[in-house]
Amino acid sequence: MIQIDSLSKAYGSHIVLRDIRLQFEKGMVYGIVGENGSGKTTLFKCLAGLETCHGHIKSEFNPIKNHIGFLPTDPYFFSKITGKEYLQLLCNARKTSGGHMDEKNVFDLPLDQYASTYSTGMKKKLALTAILLQQNDIYILDEPYNGVDIHSNMIITEIIHSLRALNKVVILSSHIFSTLRDTCDQIHHLRDGQISTSVTRENFDSLEAEMKAYTIGNRIAKLDLK
Ligand code: ADP
């Protein structure tokens with residue numbers, strides 16, 4: 001279980017997160033939704049220990065950062081490292097063997113090529129494979145579906161279901177509501193630096209309707225489409 005209390009984060013005078021309180025349980029998948037710039041990535045980085053913040057993050061996993069597999073929106077790779085070397089490097093960091101990399105290559109990536117030459121989607125798939133081979137307890141996936149082809153999207157959804165069955169904590173963000181509907185047990189809506197709404201599966205439809213009404217409003221009518 002992970003308990004977040006009174007988490008706040010500011011960049012200079014710009015307050016991005018204010019008094020966030022959240023709880024994440026094992027065997028559950030959580031979605032975080034919010035507009036661009038609402039603070040999803042900042043929240044993930046605070047959780048993963050990649051940003052300083054105020055407040056408390058309590059967890060049975062200590063230190064929590066050694067149990068988190070964090071998939072960033074745009075994974076970065078050093079220029080002269082192959083896909084296979086990257087997977088091995090991340091496994092070494094967790095002292096896990098990772099096994100036979102070619103057999104674990106579920107996304108059929110060209111593992112002998114330099115990772116920096118991969119497409120956006122391939123980079124994301126490599127980074128995801130690496131954190132899965134690490135066998136983490138907590139997975140934070142920042143827009144895992146973004147830039148990834150439809151076949152891989154299907155694999156990612158199944159991976160998330162498997163992680164839930166393995167009793168892991170999974171937290172993800174997505175800009176596509178249907179992907180959250182397919183994977184999440186609970187969705188939190190981040191707005192103006194705070195969690196404005198939290199809904200469980202039976203209320204996903206009402207959250208989607210609320211977000212649609214708020215986001216779309218009369219914008220389309222303004223276009224006066226003919
Ligand atoms: P989201 O992931 O929801 O799109 P972010 O967490 O990336 O939002 O950003 C939230 C806000 O924090 C934005 O206004 C962004 O410009 C600002 N921000 C993020 N990182 C930094 C940083 N390193 N320095 C200053 N401002 C930042």
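Me: Which residues does Met122 touch, once those up to four places away in sequence are not counted?

Reply: In this predicted model, a contact is read from heavy atoms that lie within 4.5 Å of one another, and on that reading Met122 touches Leu109 and Pro110, with residues up to four places away in sequence left out. Met122 is found in helix α3, and at 23% relative accessibility Met122 counts as partly exposed.

Me: Is Ala115 buried or exposed, and where is the place of Ala115 in the chain?

Reply: A residue is called buried when its relative accessible area is under 20%, and Ala115, with a value of 0%, is buried. The place of Ala115 is in the loop between α2 and α3, where Ala115 touches Phe77, Ile81, Thr82, Gly83, Lys123 and Leu126, not counting residues up to four places away in sequence. Between the C-alpha atoms of Ala115 and Thr179, which are 64 residues apart along the chain, the separation is 27 Å.

Me: Which residues of helix α2 are buried, and how do I read their arrangement around the axis?

Reply: In α2, which covers residues 83-93, the buried residues are Gly83, Tyr86, Leu87, Leu90 and Cys91. Seen down the axis of α2, these buried residues fall within an arc of 135 degrees, so they line one face of the helix. The buried residues of α2 pack against α3, residues 120-133. After α2 comes Lys95, whose phi is positive, near 60 degrees.

Me: How many of the 8 residues of α1 are buried, and which are they?

Reply: Here the count is the thing to read, and 6 of the 8 residues of α1 are buried, so α1 is largely enclosed by the rest of the structure. The buried residues are Lys40, Thr42, Leu43, Phe44, Cys46 and Leu47. Just after α1, Gly49 takes a positive phi of about 75 degrees.

Me: What distances separate oxygen atoms of the ligand from polar backbone atoms of Gly37 and Ser38?

Reply: An oxygen atom of the ligand lies 2.7 Å from a polar backbone atom of Gly37, while for a polar backbone atom of Ser38 the distance from a ligand oxygen is 3.2 Å. Taken alone, the ligand exposes 560 Å², and the protein buries 60% of that.

Me: Where is Ser174 found, and which side chain does a polar contact of 2.8 Å join to that of Ser174?

Reply: Ser174 is found in the loop between β7 (169-173) and α5 (177-183), and Ser174 is buried, with a relative accessible area of 8%. A polar contact of 2.8 Å joins the side chains of Ser174 and Thr179, and a polar atom of the Ser174 side chain lies 3.0 Å from the backbone nitrogen of Ile176. Apart from residues up to four places away in sequence, Ser174 touches Ile32, Val33, Tyr145, Thr179 and Leu180.

Me: How should I read backbone angles, and which residues does a cis peptide bond join?

Reply: Most residues other than glycine have a negative phi, and most peptide bonds are trans. In this model, a cis peptide bond joins Asn62 and Pro63, with omega about -15 degrees, and Pro63 lies in the loop between β4 (54-59) and β5 (68-71). Asp19, whose place is in strand β2, has a positive phi near 55 degrees, and Asp19 is partly exposed, with a relative accessible area of 37%. Phi of Gln135 is also positive, near 55 degrees, in the loop between α3 and β6 (138-142), and at 60% relative accessibility Gln135 counts as exposed.

Key. Residues numbered from 1 in each chain as written. Predicted model: local features only at pLDDT ≥ 70, side-chain atom pairs only at ≥ 80, totals over all residues. Heavy atoms only, no water. Polar contact = N/O pair within 3.5 Å; in protein donor to acceptor, adjacent residues only side chain to side chain. Areas by Shrake-Rupley, 256 points an atom, 1.4 Å probe, with all protein chains shown as cover. Buried < 20%, exposed > 50% of the residue type's maximum accessible area, 1.4 Å probe, protein only. Helix = DSSP H or I, 4+ residues; strand = E, 2+ residues; numbered from the N terminus. Arc of directions from axis to C-beta.
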